[in-house]
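Hi,

Here is the structure we talked about. Please open it alongside this note; the findings follow below.

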Amino acid sequence: MFNKGDIVFYFGKNGRKTDRAKDGAHLWVILHSYTHPLNTILMVPITSNQGYAATSMKLSKDKYPHILEHDSYLDFRSI
């Protein structure tokens with residue numbers, strides 16, 4: 001089971017292509033996990049695109065050196 005704050009590696013296959021579609025392998029952060037009644041997981045992708053900096057939460061490489069290769073952002077626009 002996933003817990004709030006877990007970072008997972010997810011390979012998504014998106015049927016549509018847009019600037020916000022996440023297709024392929026990406027790191028995601030679990031925001032919330034509902035075990036009942038629908039077994040739903042709410043997660044947000046991690047991006048290195050600095051264009052999202054104004055609307056995203058920054059993750060510093062220094063704080064997460066075992067996971068991140070460079071400073072990154074939580075892309076809340078993709079929820």
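Which residues form a nonpolar patch on the surface? They are Met1, Phe2 and Ile41. Together they have about 320 Å² of accessible area. Keep in mind that this is a predicted model.

Ile41 sits in strand S3, which covers residues 40-47. Its relative accessible area is 35%. Buried means under 20% and exposed over 50%, with partly exposed in between, so Ile41 counts as partly exposed.

Next, two serines.

Ser56 is in the loop that runs between S3 and strand S4 (57-59). Is Ser56 buried or exposed? Ser56 counts as buried, because its relative accessibility is 15% and the cut-off for buried is under 20%. A polar atom of the Ser56 side chain lies 3.0 Å from the backbone oxygen of Leu74. Leaving out residues up to four places away in sequence, Ser56 touches Tyr73, Leu74, Asp75 and Phe76.

Ser72 belongs to strand S5 (residues 72-74). Ser72 is buried too, at a relative accessible area of 4%. What lies 3.0 Å from a polar atom of its side chain? For Ser72, that is the backbone oxygen of His70. Setting aside neighbours within four places in sequence, Ser72 has contacts with Ile46, Thr47, Ser48, Met57, Lys58 and Leu59.

Best wishes

Note on methods:
Residues are numbered from 1 along each chain as its sequence is written. This is a predicted model: local features need pLDDT of at least 70, side-chain atom pairs count only at pLDDT 80 or more; totals for chains, interfaces and linings use all residues. Side-chain values use heavy atoms; hydrogens and water are left out. Patches are made of residues with over 30% relative accessible area and no salt bridge: like charges are joined within 9 Å, nonpolar side chains (Val, Leu, Ile, Met, Phe, Trp, Tyr) within 5 Å. Accessible areas come from the Shrake-Rupley method with a 1.4 Å probe; for residues, only the protein chains shown count as cover. A salt bridge is a side-chain nitrogen of Lys or Arg within 4 Å of a carboxyl oxygen of Asp or Glu. Helices (H or I, at least four residues) and strands (E, at least two) are DSSP runs, numbered from the N terminus. Buried means under 20% relative accessible area, exposed over 50%, partly exposed in between (1.4 Å probe, protein chains only). A polar contact is a pair of N or O atoms within 3.5 Å; within protein, one must be able to donate a hydrogen and the other to accept it, and residues adjacent in sequence count only if both atoms are side-chain atoms. Contact means heavy atoms within 4.5 Å.
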